[in-house]
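Colleague: I would like to learn how to read sheets, pockets and cavities. Can we go through an example together?

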Amino acid sequence: MSSQIILLVEDNPDDIDLTLRALKKGNITNEVVVARDGTEALDYLFGTGQYAGRDTGEVPAVVLLDLKLPKIDGMEVLRRLRSDQNTRLLPVVILTSSKEEDDVARGYSLGANSYIHKPVDFDQFVEAARQLGLYWLVLNEPPPCTREAR
Amino acid sequence: MVIVFIQVVAIILQLAAAILALRLVPVTGRRLAWVLISSALALIVVRRGIALIRLISTDLSAMPNFAGRMLESMVLLVISILFVAGITLIRTVFLSVKQAEQEARTARDELESRVHERTAELEQTNQALLAEVDERKQVEKALKESEARWRGFLQSAPDGIVIVDRDARIAVVNAKAEELFGYSQQELIGKTVETLVPERYRDVHVKHRSGYTDAPRSRPMGVGLELYGRRKDGSEFPVEISLSPLQTEQGLLVTAIIRDITERKRIQEALQQSEQKYKTLVENLPQRIFLKDRNSVYISCNDNYARDLNIPPDQIAGKTDYDFFPKELADKYRGDDKRIMAEGKTEDIEEAYIQDGREYIVHTVKTPIKDESGSITGVLGIFWDITEQKRSEEQIKRLNEDLRHRAAELEAANKELEAFSYSVSHDLRAPLRSVDGFSQALLEDYADKLDEQGKDYLGRVRSAAKRMAQLIDDLLRLSRVTRAEMHREEVDLSAMARDAAESLKQSQPEREVEFDIAPDLTAYADPQLLRIVLDNLLGNAWKFTGKHKRAYIMFSSVQQEGKQVYFVRDDGAGFDMAYIDKLFVPFQRLHSMEEFPGSGIGLAIVQRIIRRHGGSVWAEGAVEHGATFYFTLS
């Protein structure tokens, strides 16, 4: 279980560091792959671009997706990976600063599995990261096709 | 000898008598009688002959008694003579009787033939008479029929008919006349016709009718006059009478046909009234009204239009638009008339109109006028000045355009604001997270290198970052309240307030706060937004009574100027009315953070929600004497 990969899609280096720190503080020791924009995330998932040749059979256990990204934004990433057979059922957690109802609604309608608002208070952020890891990496039973593909 | 002679003569005489007697047969027709008499005489003759022969054969001289014999022969002779004479006499008598009889018969025959003749004659006459009688009967029948017809006509006539003689005495009255005047026929026959005339007209009627009988002819009576009939009960009714003379053997009769025109007069009057009304209406309408014929020549117009044209209304007839308007305009008017009459449809036209050199815009309704057969005879026009209206319309249009323009600008601004809010929400928070996160990292990872003051500073940095995050959230809430779509429905405010109160009690169960919430307060509003209002107002009341041991919070409503005014009242800290204008401004606070925490956004949010509902919100309060927040909803 602990070898399962987390794909963190985040462009803000501070947030990357803080997220990694929060995950670590929350005792999530899984490998975290960081994609700094939407294109990179899709390249990783579909084995294209800089990730050409990557074994796409190896899918992450969960994707932590920021919405506001350069180039291709988070919603578009979600839409594309939901329309691909291989990543159709991949658990995606939107992790964002936005509390806008519109974003929440759009995220869910595009097939997000969860929507988490990044709190300013770092203590709360650590708590959120811990619960997130516990839930998606330990409690949650991954979808069958993800397992098959693995 | 002498005796023999005598005797012979006697025999001859007797024979003659017998023959004569026989001859009487055809005279008397009494064959048997005369044959018997004749036979008797013949027998006597035979006996006398035998006696004679014997005489002769005897000697006469020998005869005893000559003298006796002589006498006997003489007597015989006399008897024979008497026979002959008698028979002859009888014959004469008979003959005379017969002749008389004959004469009588002839006379009778003659009479009879004359009777026959006469009878034939009579028969002829009779037949002629019969024919005549027949004819008469026919005539009489025809007469009767005609009379029946006439009577029928008379009785069934829809008008009253009264026939009077030369002296104006009523001779005939029909049923309708009886009905009209309320008299029975018996009551009228023989009376003068003035019985049926109202008393005040009787004298003049007598004069008129004698004038009529002097020169009788068929004509309506009293042309141009209003005629009235008088009923038996004295009431009067308007009539129309036509008179016609009838020369008869009994002299001049005058037939008067009388029609009750009450109904017609009523209709006429109603018509006149309606016409008068219509005329008054037309004359008093502020609109200009005109009527033109098929060739767009004016027939009439109302006073208002005539005044515009500076002519008396009765002088419009015969004029055309070319007499009043510039050619171009008149051409246009005429063109419209033509089209409307050709198409037969009413049109609404907005057009130019010039009066006293000033140009106006008028709204004209032109309608084709049709006669009874449906063919178009002209055009009716009604128009009124809409210059002002047009000007206002244009102004409104301009204003509307401005408004549209501004709305578009506003929308653009709103979009910008939304984008701004989004970026505030997302981008402004991210650095704060870094500030807080790395401060925490410093505290954790470098705790041994920081003294207490350094740690305190980092703690302040963190709390400032958090407060700023709270401010950002509040700002976003405020803008969300403004942008959120409204869905109004019937809202139970009492239930909503009870719910909010319950939450507050649960948040601080140790507090002694009495909530007094009026039942059945409802409003037509957006439930989510109203919930925010009540949460804020009741939350404030809860918060600002927090320093008191006991508190009383009330939610109710009053009627003010026909409007329902809701209010939330508390007996808490209150506020100084001098700062009332700062109460609803975002982030403005009347208390210190230490005294009562908060960002000062709540009342600003309340005000926005109330305004979005078309209502208003205001407050009353005094320091340490509580506060009351009122609001209305439209």
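Predicted model: local features only at pLDDT ≥ 70, side-chain atom pairs only at ≥ 80, totals over all residues.

Colleague: How many bridges join β1 to β3 in chain A?

Modeller: Four bridges link β1 (residues 6-9) of chain A with β3 (residues 62-65) of chain A, and these strands run parallel. Pick one pair to find on screen. A:Leu7 has A:Val63 in β3(A) as its bridge partner.

Colleague: Now chain B. What is the strand order in its open sheet of five strands?

Modeller: Here the order is β13-β15-β16-β18-β17 in chain B, with mixed pairing. The edge strands are β13 (512-517) and β17 (617-621) of chain B, each pairing on one side only. From one strand to the next, the twist averages 15°.

Colleague: How many bridges join β13(B) to β15 of chain B?

Modeller: There are six bridges between β13(B) and β15 (residues 550-560) of chain B, and the two strands run parallel. As for a residue pair, B:Glu514 stands opposite B:Tyr552 in β15(B). A helix joins the picture as well. α12 (residues 493-507) of chain B packs on the sheet and touches β13, β15 and β16 (563-570) of chain B. The direction of α12 makes about 175° with that of β13(B).

Colleague: Into which domains is chain B divided?

Modeller: The division gives domain 1 (2-124), domain 2 (157-266), domain 3 (286-385), domain 4 (392-461) and domain 5 (484-632). Taken over C-alpha atoms, the centres of domain 1 and domain 2 of chain B are 103 Å apart.

Colleague: On to empty space. How is it found?

Modeller: Rolling a probe the size of a water molecule over the atoms shows where empty space is left.

Colleague: What volume does the largest pocket have?

Modeller: The volume is about 1300 Å³. The lining has 49 residues, and B:Asp474, B:Arg477, B:Arg480, B:Val481 and B:Ile605 are the closest to the pocket centre. Both chains take part: among the elements giving two or more residues are α3 and α4 (101-109) of chain A and α11 (452-483) of chain B. The largest share, nine residues, comes from α13(B). Domain 4 and domain 5 of chain B each give at least three residues to this lining. By class, the lining has 19 nonpolar, twelve polar and 18 charged residues.

Colleague: And which residues lie nearest the centre of the second largest pocket?

Modeller: They are B:Val197, B:His205, B:His208, B:Met221 and B:Ile241, out of a lining of 31 residues. This pocket has a volume of about 640 Å³. α6(B) gives the most to the lining, with eight residues. The classes here are 20 nonpolar, six polar and five charged.

Colleague: How many cavities of 30 Å³ or more does the structure hold?

Modeller: It holds two. The largest cavity has a volume of about 80 Å³. Its lining has 13 residues, with B:Phe290, B:Tyr305, B:Tyr333, B:Glu351 and B:Phe383 nearest the centre. β10(B) gives the most, with three residues.

Colleague: Which helix gives the most to the lining of the second largest cavity?

Modeller: That is α5(A), with four residues. The space in this cavity is about 30 Å³. Its lining includes A:Thr19, A:Leu64 and A:Phe125. By class, it has seven nonpolar residues, one polar and no charged.

Definitions and conventions:
Residues numbered from 1 in each chain as written. Chains lettered and ligands numbered in written order. Heavy atoms only, no water. Pairing = 2+ DSSP bridges. Domains from an automatic or database assignment. 1 Å grid on protein atoms, 1.4 Å probe; cavity = no way out; pocket = protein on both sides within 12 Å on 5 of 7 lines; lining within 4 Å. Points joined across faces, edges and corners; volume = space filled by probe spheres on them. Nonpolar A, V, L, I, M, F, W, Y, C, P; charged D, E, K, R; others polar. Axes fitted to C-alpha atoms, helices over the stretch in contact; angles between N-to-C directions. Contact = heavy atoms within 4.5 Å.
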